[in-house]
Amino acid sequence: MGTRLADKIKRVMTPKEISDIDVIIPIPETSVTSAPCVAAVLKKKFVQGFVKNRYVFRTFIMPGQTQRKQGVKRKLNAMNEEFAGKNVLLIDDSIVRGTTAREIVAMAREAGAKKVYFASCAPPVTHAHIYGIDLASPNELVAHDHGQDRAIEEIARYVGADRVIFQDLQDLKTACSEAVVLKTAPYEQLDFEVGVFCGDYVTPVDEGYFQHLEEVRGETRKLKVLEKARQAVANGSLNQEEVDIVANGVKVTANGDVVPATSSYEQSHTNGDNKRRRRSREEGTPPKDRMDISLHNYRDFPAS
């Protein structure tokens, strides 16, 4: 994978840019295996420039943008001596929302790097994952812009890098095939689930499924927006939108966006579920008869 990424770097970067690279630095830990291969092909020095805090959760699946940004800063620390006065090529496993990449590039520049290039071992993530990993809403993906793939140059500007390079999808599939069919040539091209990179999923997807996902995500965001508005009330720092939210509640649009409700019906419809949940917690849920033989549930069975 790293070898093929290095070949892509040689194709898209100019000889002058490549010759100016001083060091190749991986973003620990997932790119540590690919970065040395990139360094070997480009004939550049490989160094570990970041110290990782192993007790911080994966940042790309943290629920809020603020939490993700804080998580990156807690997770990684740049070693100034590896960056100061150098042109660095950073290698990461992927770019999802761009939050992590943006913070990492900023860290490299704060540590003294002159130029920062950023290479991803994965192709641009442009579509939602539908098989159990809630990566992000498509509108939150840095490579997805309202249904159109965002230009690589625009992504580079967003993350603050001098250049961003992505692995080609075909190269990724070929590299994985080579790893699976080891020591056999020619390598058999295997098929993989790559829907997040191209929208071509291995199973049929109903037309309304993605809208349903956005509505589910919107329900989760709705609770966060309501809680934020309540905190603003407590702090006395409401803006006009938060005033509308406190007055009327919120609603979720068909696209999953959370906006202030505009009618009493929407307010009651929005807040009804929360009231029912609160009432259920206050009243408690009576125990039900169930086939559970654990000792602490033996009283759930009716007396014979």
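Visitor: Is cysteine 121 buried or exposed in this model?

Guide: Cysteine 121 is buried, for its relative accessible area is 3%. Please keep in mind that the model is a predicted one.

Visitor: What relative accessibility does cysteine 37 have, and how is that value read?

Guide: Cysteine 37 has a relative accessibility of 32%, so this residue counts as partly exposed.

Visitor: How many disulfides are there, and what is a disulfide in general?

Guide: In general, a disulfide is a covalent bond that joins the sulfur atoms of two cysteines. To be counted, a pair of cysteine sulfur atoms must lie within 2.5 Å. In this structure the count is zero.

Visitor: How are helices H1 and H3 arranged relative to each other?

Guide: Helix H1 spans residues 2-12 and helix H3 spans residues 35-42; their axes come within 7 Å and cross at roughly 45°. H1 and H3 are therefore oblique to each other, and their crossing is right-handed.

Visitor: Which residues of H1 and H3 meet?

Guide: From H1, the residues are Gly2, Thr3, Leu5, Ala6, Asp7, Ile9 and Lys10; from H3, they are Cys37, Val38, Val41 and Leu42. Seven of the residues in this contact between H1 and H3 are nonpolar, two are polar and two are charged.

Definitions and conventions
Residues numbered from 1 in each chain as written. Predicted model: local features only at pLDDT ≥ 70, side-chain atom pairs only at ≥ 80, totals over all residues. Heavy atoms only, no water. Buried < 20%, exposed > 50% of the residue type's maximum accessible area, 1.4 Å probe, protein only. Axes fitted to C-alpha atoms, helices over the stretch in contact; angles between N-to-C directions. Helix = DSSP H or I, 4+ residues; strand = E, 2+ residues; numbered from the N terminus. Parallel < 35°, antiparallel > 145°, perpendicular 65-115°, else oblique. Left-handed = near helix turned anticlockwise from the far one by under 90°. Contact = heavy atoms within 4.5 Å. Nonpolar A, V, L, I, M, F, W, Y, C, P; charged D, E, K, R; others polar.
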